[in-house]
Amino acid sequence: MFESIKCKDVVSWTSMISCYVHNGLANEALGVFYLMKETSVEPDSITLVSILSSAASLSALNKGKEIHGYIFRKGFVLEGSTVNSLVDMYACCGSLENAYKVFFCTRSKSLVLWTTMINAYGMHGRGKAAVELFSIMEDQKLIPDHITFLALLYACSHSGLIKEGKRLLETMKCKYQLEPWPEHYACLVDLLGRANHLQEAYHFVKSMQIEPTAEVWCAFLGACRIHSNKKLGEIAAQKLLELDPDSPGSYVLISNVFAASGRWKDVEEVRMRMKGGGLKKNPGCSWIEVGNKVHTFLARDKFHPESYKIYQKLAQITEKLEKEGGYVPKTKFVLHNVGKEEKVQMLYGHSERLAIAYGLMSTSEGTPIRITKNLRVCVDCHTFCKLVSKFFERELIVRDASRFHHFEDGVCSCGDFW
């Protein structure tokens, strides 16, 4: 339909860009935007919000900066959705400093902008900074909404701030008379679970004023898996299957819990149920921006034009880390019923490692390597990233499905808590 329009105006172009963004095709959205720039049609603020969203989803910092430069050159006023999207873009691209600069320089800050900055701190594991910013926001007499508290509880859950998380949930209910959504309860369960307060988390779930939703049980099951609590994990798994039988994510999490216990018959049963329902697990996928292009890698991917060189580089990296850093692959985190050697090869083929190898061979020494992954980074890859940052003297900025990890000189900003 778009191609059939002879005289495409800004609405036509923006509609096509938005279609790609809403369907998770950020690369294609950027492609249409650059085609649009080659025509005489000038993007408006709505176009720019859409394209900033695509740069954010890819963590494509260079492209995000290009768009910011365009906004500045064309004299767009930094307010409303534009400034909110700009702050979110910088945060999603791993540049918290630039996100805060844009936020700080905006004179009239809306509740959405405050919430965006609070969320930015949360995704980078800066929970205390998020809570402090909320206090400053309250001093400005702004009234928080449900989304603000969701961003705050998310920030607390990724920083282990149990006391602050509990206090904020009470503040939400008592001071602002906001009835928590299931997502707020899920955040608190996640917070307690991550900190290994599983019994307290289970008691909280059982005593909730509303019926626990699939999101709540999913958060609890995830914590049970991390801390290897089989008894509570089985209870959560059963509840999750009852409440959310059509979610592939739920089946994968349940399968992983059974696999961690060596219950391979149960794993096979869960996978057969997935197959019978036509459900598929999303494959591990990582992105890295090099030059002016975003490169995509799947787990054990060999589709990249420089695939042979990438695997050679990865083998050299792994050998160096084994010899100098004492790296030993943690095969217990490979939840497949295969031999040890095959488990090792599966770990070595994880998508973020391919992206790291490509980054090391394609970028200048000393420059940061920025990677985005669609799934949660595994424990072994987390160790791998720490060692790479130390022995190759590179800062690694990795955004996974949960949060950001800033690896520098063998240490991660998450404090191994994610």
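Strand S1 (residues 285-290) and strand S3 (residues 369-373) pair in the antiparallel sense over three bridges; helices (H or I, at least four residues) and strands (E, at least two) are DSSP runs numbered from the N terminus, and two strands pair if DSSP finds at least two bridges between them. The model is predicted, so that local features need pLDDT of at least 70 and side-chain atom pairs count only at pLDDT 80 or more, while totals for chains, interfaces and linings use all residues. Residues are numbered from 1 along each chain as its sequence is written, and side-chain values use heavy atoms, with hydrogens and water left out.

Helix H12 (residues 198-206) packs with helix H13 (residues 214-226) at an angle of about 165°, with the axes 11 Å apart; axes are lines fitted to C-alpha atoms, for helices over the stretch in contact, and angles run from 0 to 180 degrees between N-to-C directions. H12 is therefore roughly antiparallel to H13 (angles over 145 degrees). Leu198, Ala201, Tyr202 and Val205 in H12 meet Val216, Trp217, Phe220, Ala223 and Cys224 in H13 (contact means heavy atoms within 4.5 Å).

Thr106 lies in the loop between helix H6 (96-105) and helix H7 (111-123). This residue is buried, with a relative accessible area of 6% (buried means under 20%, with a 1.4 Å probe and protein chains only). Leaving aside residues up to four places away in sequence, Thr106 touches Leu78, Val83 and Leu113.

Terms used: Buried means under 20% relative accessible area, exposed over 50%, partly exposed in between (1.4 Å probe, protein chains only). Angles under 35 degrees count as roughly parallel, over 145 as roughly antiparallel, 65 to 115 as roughly perpendicular and the rest as oblique.
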